[in-house]
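Dear colleague,

Please read the notes with the coordinates open beside them.

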Amino acid sequence: MIITGDDPEYIAFVKARLPDQFLMTDLGPLRYFLGIEVSSTSDGFSISREKYIQDLLARAALADERTVETPMELHVKLCPTDGDPLPDPTRYRHLVGSLVYLAVTRPDISYPVHILSQFVSAPTTVHYGHLLCVLRYLRGTITRRLFFPRSSSLQLQCYSDATWANDPSDRRSLSAYYVFLGGSLVAWKTKKQVAVSRSSVEAELRAMASVTAEVTWLRWLLADFGGLCYDTHSTFVRQYRCYQFCT
């Protein structure tokens, strides 16, 4: 359980009362939670998954120490029939499942993980090769983390993009968006569109509709928290480079 707030006295009161009802231990300031490492400085706090990635690479048992610059090559379109079926797909499913959880704090792998997760039912050697590429990318970027500054505006900025007819099997497009609250990345998503878009413009409009719905929900959420949300700015981008990292 994580307890947070801006009133230290009330937090101390809650922590003192919880053991009366539950068997609990106070672990002190937040450092590690469900595989997420949290570090705090005077400028803000950051979250990383270095230990989780190390454990993931150990389970993958890669035979080399190579790294790559990107998690997936541009314009890659994978099909279910690419390559030969894996004799035992258990490892592929296990690694992809771990990557899905890792993508919760690593938006830079959101797109390739979405692609690879579509083939967990019948993965092939080609799909596994692209999975290894993601793991080699993580090995080279293991120290990257998301940074959340303490002083930041409450202005929402959103970025969206779409790939038209990205899936060669059903011709459906992919939508993706990133939402910043001031200088903090607070929401991101990559998802296949529910209907076939007849043009790239239609695919882009569906992507913008998706991020608009997300921003509308965030504005209501901030209002419930008592925060003032300034005007929202949206940007339409052509590449998936809307994440903020510090090394």
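By the rule applied here, there is 1 cavity of 30 Å³ or more, and please keep in mind throughout that the model is a predicted one. The space in that largest cavity comes to about 80 Å³, and its lining is made up of V76, K77, L78, I115, Q118, F119, N166, D167, P168, L174 and K192. Sorted by class, the residues lining the largest cavity are 6 nonpolar, 2 polar and 3 charged.

When neighbours within four places in sequence are left aside, C79 is in contact with F119, H127 and P168. For H127, the separation along the chain from C79 is 48 residues, while the C-alpha atoms of the two are 8.9 Å apart.

The largest pocket is a separate item, and about 1800 Å³ of space lies in it. Its lining counts 42 residues, and those lying nearest the centre of the pocket are I2, I3, T4, G5 and L30. Two or more lining residues come from each of α1 (8-21), β1 (32-33), β2 (36-40), β3 (44-48), β4 (146-149), β7 (184-192) and α6 (200-224). In terms of class, the lining of the largest pocket holds 29 nonpolar, 8 polar and 5 charged residues.

How do the axes of α2 and α5 cross? The axes of α2 and helix α5 (residues 125-140) come within 10 Å and cross at roughly 140 degrees; since only angles over 145 degrees count as roughly antiparallel, α2 and α5 are therefore described as oblique to each other. The crossing of α2 and α5 is left-handed. On the side of α2 the contact is made by I53, L56, L57 and A60, and on the side of α5 by L135, L138 and R139. Taken by class, the residues of this contact are 6 nonpolar, no polar and 1 charged.

With best regards

Technical notes:
Residues are numbered from 1 along each chain as its sequence is written. This is a predicted model: local features need pLDDT of at least 70, side-chain atom pairs count only at pLDDT 80 or more; totals for chains, interfaces and linings use all residues. Side-chain values use heavy atoms; hydrogens and water are left out. On a 1 Å grid over the protein atoms alone, a cavity is a set of points where a 1.4 Å probe fits but cannot get out, and a pocket is an open set with protein on both sides within 12 Å along at least five of seven lines; lining residues have an atom within 4 Å of a point. Grid points are joined across faces, edges and corners, and a volume is the space filled by probe spheres set on the points. Helices (H or I, at least four residues) and strands (E, at least two) are DSSP runs, numbered from the N terminus. Ala, Val, Leu, Ile, Met, Phe, Trp, Tyr, Cys and Pro count as nonpolar, Asp, Glu, Lys and Arg as charged, and the others, Gly among them, as polar. Contact means heavy atoms within 4.5 Å. Axes are lines fitted to C-alpha atoms, for helices over the stretch in contact, and angles run from 0 to 180 degrees between N-to-C directions. Angles under 35 degrees count as roughly parallel, over 145 as roughly antiparallel, 65 to 115 as roughly perpendicular and the rest as oblique. A crossing is left-handed if the near helix is turned anticlockwise from the far one by less than a right angle, and right-handed if clockwise.
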